[in-house]
Amino acid sequence: LLLRHDRDSFNRWEAGQRLLTNRMMAMIADYRAGRPLVLHKGLVELFRLVLTPGFHEDAAFISQIMTLPGEDYLAEKMPEIDVAAIHEAREFVRREFGRQLAGPMGRIYRNYKQEPYVYSPEMAGIRRLKNLCLSYLMAAGTDEARTICLTQFREADNMTDELSALTALTHSGCPESEKALGAFYEKWQRQTLVVDKWFTLQATTPLPQTLENIKKLMQHPRFTIKNPNKVRALIGSFAAANPICFHDIRGTGYALLGDTVLELDGLNPAIAARLLGYLSRWRRYAGPQQNLMRDQLKRIIGKGNLSMGVYEVAAKSLEPA
């Protein structure tokens with residue numbers, strides 16, 4: 001009721017976020033209990049209304065309503081964080097929105113596709129909504145969506161559209177993504193900040209091969225552990241924004257972070273300590289991950305000759321609760 005009719009835009013957005021959060025928390029509980037995930041038909045129809053012309057005149061506002069609560073936000077709602085359950089529930093909603101709302105999302109995308117690049121708040125909002133719809137359509141995994149995404153990547157006249165299309169291709173695991181990543185790098189390799197975005201995009205890809213890709217990227221000519229921006233773009237983004245891969249049940253993500261912290265400690269102790277902070281909340285996670293994170297902290301503190309910052313983070317993290 002509030003999402004549909006409240007006169008205050010913030011209240012409408014907040015109502016939508018609460019509704020999505022509540023539904024996804026219920027799905028997380030279903031996943032943990034082994035029950036099949038189901039997206040309530042009423043929820044789909046409500047968000048179909050959000051995408052209907054006349055619901056709101058501001059494309060940026062519609063994109064805010066249609067943006068799902070993040071995995072980190074959902075994690076804070078749990079007494080014990082179950083990374084896999086959160087990821088699977090959220091990805092299920094993304095896929096179902098892309099599948100069941102393909103009609104209105106496709107209409108929005110087609111309506112805005114030919115808009116030439118102009119910088120203005122209105123046009124920025126339009127690009128955001130268009131690219132959000134594209135990401136949902138790509139999550140549904142149709143050949144049509146992949147064709148649209150590849151066309152946008154090749155024909156984009158601005159970085160927002162080009163990077164959004166590349167992100168959708170890469171994060172969905174499309175076979176064309178490797179070639180697209182190479183083309184993007186060749187085009188922008190002289191732009192340092194864009195290369196950092198290229199590193200981040202790959203570090204945040206929620207696919208099983210991401211960790212091995214990151215190890216390869218650490219050997220890339222444009223990556224150096226001595227450059228804090230490169231470390232933040234690749235390793236920091238991996239730990240902060242790719243929970244399903246960083247918290248892999250085998251502990252490989254934690255091991256990579258631990259190795260990086262130890263190598264960095266003699267080069268840039270401040271960055272090393274900041275990275276180590278991603279292991280400091282180990283008590284909030286489920287048992288297997290909790291133990292693996294704690295083991296990395298013990299390994300690091302056991303090395304000796306640490307900088308004061310790294311030692312303090314590790315020591316305080318291991319103190320009895």
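## Terms and basis

A residue is called buried under 20% relative accessible area, exposed over 50% and partly exposed in between, with a 1.4 Å probe and protein chains only. The model is predicted: local features need pLDDT of at least 70, side-chain atom pairs count only at pLDDT 80 or more, and totals for chains, interfaces and linings use all residues. Residues are numbered from 1 along each chain as its sequence is written, and side-chain values use heavy atoms, with hydrogens and water left out.

## K130

K130 lies in helix α8; helices are DSSP runs of H or I with at least four residues, numbered from the N terminus. K130 has a relative accessible area of 4%, so K130 counts as buried. Leaving out residues up to four places away in sequence, K130 is in contact (heavy atoms within 4.5 Å) with Y109, Y112, K113, Q152 and D161. Between the C-alpha atoms of K130 and R154 there are 16 Å, with a separation of 24 residues in sequence.

## The nonpolar core

A nonpolar core is a set of buried Ala, Val, Leu, Ile, Met, Phe, Trp, Tyr and Cys residues joined through side-chain atoms within 4.5 Å. The largest one has 97 residues, and F47, M66, F97, M105, L234 and I235 have the most contacts inside it. Helix α8 (residues 121–140) contributes the most to this core, with 9 residues.

Beyond residues up to four places away in sequence, F47 touches L3, G16, L20, I65, M66, F97 and L101.

Axes are lines fitted to C-alpha atoms, for helices over the stretch in contact, and angles run from 0 to 180 degrees between N-to-C directions. The axes of α4 (residues 59–66) and α8 come within 7 Å and cross at roughly 35 degrees. From α4, A59, A60, I62, S63, Q64 and M66 meet G125, I126, R128, L129, L132 and Y136 of α8.

The axes of α9 (residues 143–155) and α10 come within 8 Å, crossing at roughly 145 degrees. In this contact, α9 supplies R146, C149, L150, Q152 and F153, while α10 supplies D161, E162, S164, A165, L166, A168 and L169.

## Helix α12

Buried residues in α12 are V194, V195, D196, W198, F199, L201, Q202 and A203. Their cover includes α10 (159–171), α11 (177–188), α13 (210–217) and α14 (228–241).

Technical notes. Helices (H or I, at least four residues) and strands (E, at least two) are DSSP runs, numbered from the N terminus.
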